[in-house]
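Me: Please walk me through this model with care, giving the cut-off behind each term as it comes up.

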Amino acid sequence: MMIRRPPTVVCYICGREYGTRSIAIHEPQCLKKWHNENNLLPVELRRPEPKKPEIRTITAKGFYDLEALNEAAWTSAQSQLVPCKNCGRTFLPDRLIVHQRSCKPSVAK
């Protein structure tokens, strides 16, 4: 017997998975948190507000294609990451500041 996992939806802002009923509660709160954190960043690290993906493909059975919707939301969340100038790894802008405290440019030998 195979246990089926309940369907989840990926948040286009933070990239985390939420239940199909919880996502409507989470997204407005997540966007508000995103604005608060973005306003605290230095001007050069501030990002434009993430846009919700507009994938509304409905399957033959009348349901939304959650896989396509989740893929678009994940891509949106990943596009907000900023690369480190020293090592090239990507981070959320507020975490990049913390990372850069310990990341030093590599020295050529």
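Me: What percentage of the 109 residues in the protein do buried residues make up?
Reply: A residue is called buried under 20% relative accessible area, exposed over 50% and partly exposed in between, with a 1.4 Å probe and protein chains only. The model is a predicted one, in which local features need pLDDT of at least 70 and side-chain atom pairs count only at pLDDT 80 or more, while totals for chains, interfaces and linings use all residues. Residues are numbered from 1 along each chain as its sequence is written, and side-chain values use heavy atoms, with hydrogens and water left out. By that accessibility rule, the buried share of the 109 residues is 28%.

Me: In what order do the elements of the protein run from the N terminus on?
Reply: Helices (H or I, at least four residues) and strands (E, at least two) are taken as DSSP runs and numbered from the N terminus. On that basis the protein has 3 helices and 4 strands. Read from the N terminus on, the order is β-β-α-α-β-β-α.

Me: Which element gives the largest share of the lining of the largest pocket?
Reply: A pocket is found on a 1 Å grid over the protein atoms alone, as an open set of points where a 1.4 Å probe fits, with protein on both sides within 12 Å along at least five of seven lines, and its lining residues have an atom within 4 Å of a point. The largest pocket has 17 lining residues, with Cys 14, Trp 34, Glu 37, Leu 92 and Asp 94 nearest its centre. Two elements give two or more residues to this lining, namely α1 (23–40) and α3 (93–102). The largest share, 7 residues, comes from α1.

Me: How many disulfides does the rule count?
Reply: A disulfide is a covalent bond between the sulfur atoms of two cysteines, and the rule used here asks for a pair of cysteine sulfur atoms within 2.5 Å. The sulfur of Cys 84 has its closest cysteine sulfur in Cys 103, at 3.8 Å, which is too far for a bond. Cys 84 counts as buried because its relative accessibility is 4%, and Cys 103 also counts as buried, at 11%. The count of disulfides is therefore 0.

Me: Which residue forms a salt bridge with Lys 52?
Reply: A salt bridge needs a side-chain nitrogen of Lys or Arg within 4 Å of a carboxyl oxygen of Asp or Glu, and the count by this rule is 2. For Lys 52 the closest N and O atoms are 2.8 Å apart, and the pair links distant parts of the chain, 25 residues apart, from the loop between α1 and α2 (66–78) to helix α1.

Me: What separates Glu 37 and Lys 33 in helix α1?
Reply: The side chains of Glu 37 and Lys 33 meet in a salt bridge at 4.0 Å, N to O. Glu 37 is partly exposed at 32% relative accessibility, and Lys 33 is partly exposed at 46%. Because they are 4 residues apart in helix α1, the separation is about one helical turn.
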